[in-house]
Amino acid sequence: MTDYSHCTITHYPTAVLREKAQPIEEINDDIRRLAERMVDIMVETKGVGLAGPQAGVNLRIFVVSIDGTNENARVYINPTIKPEGKVVAFEEGCLSLPGIFGKVNRYAKCTVTATDLDGHEFTEVGEGLLARAFQHEFDHLEGMMIKDRLGYAAKLRAKRRLKQLEKEYDENSK
Ligand SMILES: [Zn+2]
């Protein structure tokens, strides 16, 4: 049994954020508690999505709630995504990169196939902000963050803030 009830948000440069997350083999009470905790973190930090590595857990799970509410939160376990349509640039932020914002290219439409907390497979088609959230959260499961997708100028602007986050991380891990 793994106790996920005390997970907290991880910030860059925590190592788990750069790792490829592992498939969830069994959906049990531990995973259900993890999902619950992830939704809590997302709502508390006023996000619209959160992936396992952002809760410090190296597992392929994310939660999304486009209006940031508990009621509309949905859990996606072992998701696969199929982005399509045209590519749109839009401002994005990330709970694991506080203070960093920039335009990121994403596909306008995205189909997700995933397993829910009852072990049932489902498919959902997202457009606009929802499609963007799916692609953003899926990136986290691949060890990728918006800082890797920013354009040249935004990357330069983010540089100093990234250095600050590295310093904060060093200080907190002392
Ligand atoms: Zn993020």
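Predicted model: local features only at pLDDT ≥ 70, side-chain atom pairs only at ≥ 80, totals over all residues.
Let's start with the strands. Five of them make an open sheet, lined up in the order β1-β2-β3-β4-β5, and they pair in the antiparallel way. At the edges sit β1 and β5 (121-127), each of which pairs on one side only. Going from one strand to the next, the twist averages 30°.

Now look at β3 and β4, which pair in the antiparallel sense over 12 bridges. Here you can find Glu-84 standing opposite Lys-109 in β4. Helix α2 packs on the sheet and touches β1, β2, β3, β4 and β5. The direction of α2 makes about 85° with that of β4.

## Helix α1

Helix α1 covers residues 29-44, which is 16 residues. At 1.5 Å a residue, α1 should span 22 Å, and that agrees with its end C-alpha atoms, which are 22 Å apart. Just after α1 comes Lys-46, with a positive phi of about 60°.

Which residues of α1 are buried? They are Ile-31, Leu-34, Ala-35, Arg-37, Met-38 and Met-42. Looking down the axis of α1, you'd see these buried residues fall within an arc of 165°, so they line one face of the helix.

In soluble globular proteins, nonpolar side chains tend to be buried together. In this model, the largest nonpolar core has 39 residues, and those touching the most other members are Leu-50, Ile-61, Phe-62, Val-63 and Phe-134. At least two residues of this core come from each of α1, β1, β2, β3, β4 (102-115) and α2 (129-141).

Take Ile-61 as an example. Leaving out residues up to four places away in sequence, Ile-61 touches Ile-24, Leu-34, Ala-35, Gly-52, Val-75, Tyr-76 and Ile-77.

## Out at Tyr-152

Finally, find Tyr-152, which is in helix α3 (residues 152-172). Is Tyr-152 buried or exposed? Tyr-152 has 7 other C-beta atoms within 10 Å, so it counts as exposed, the cut-off for that being 12 or fewer. Between Tyr-152 and Ser-96, the C-alpha to C-alpha distance is 20 Å, and the two are 56 residues apart in sequence.

Conventions:
Residues numbered from 1 in each chain as written. Helix = DSSP H or I, 4+ residues; strand = E, 2+ residues; numbered from the N terminus. Buried ≥ 20, exposed ≤ 12 C-beta atoms within 10 Å, placed from the backbone. Expected span 1.5 Å × (residues − 1). Arc of directions from axis to C-beta. Core = buried A, V, L, I, M, F, W, Y, C linked by C-beta atoms within 7 Å. Contact = placed C-beta atoms within 7 Å. Pairing = 2+ DSSP bridges. Axes fitted to C-alpha atoms, helices over the stretch in contact; angles between N-to-C directions.
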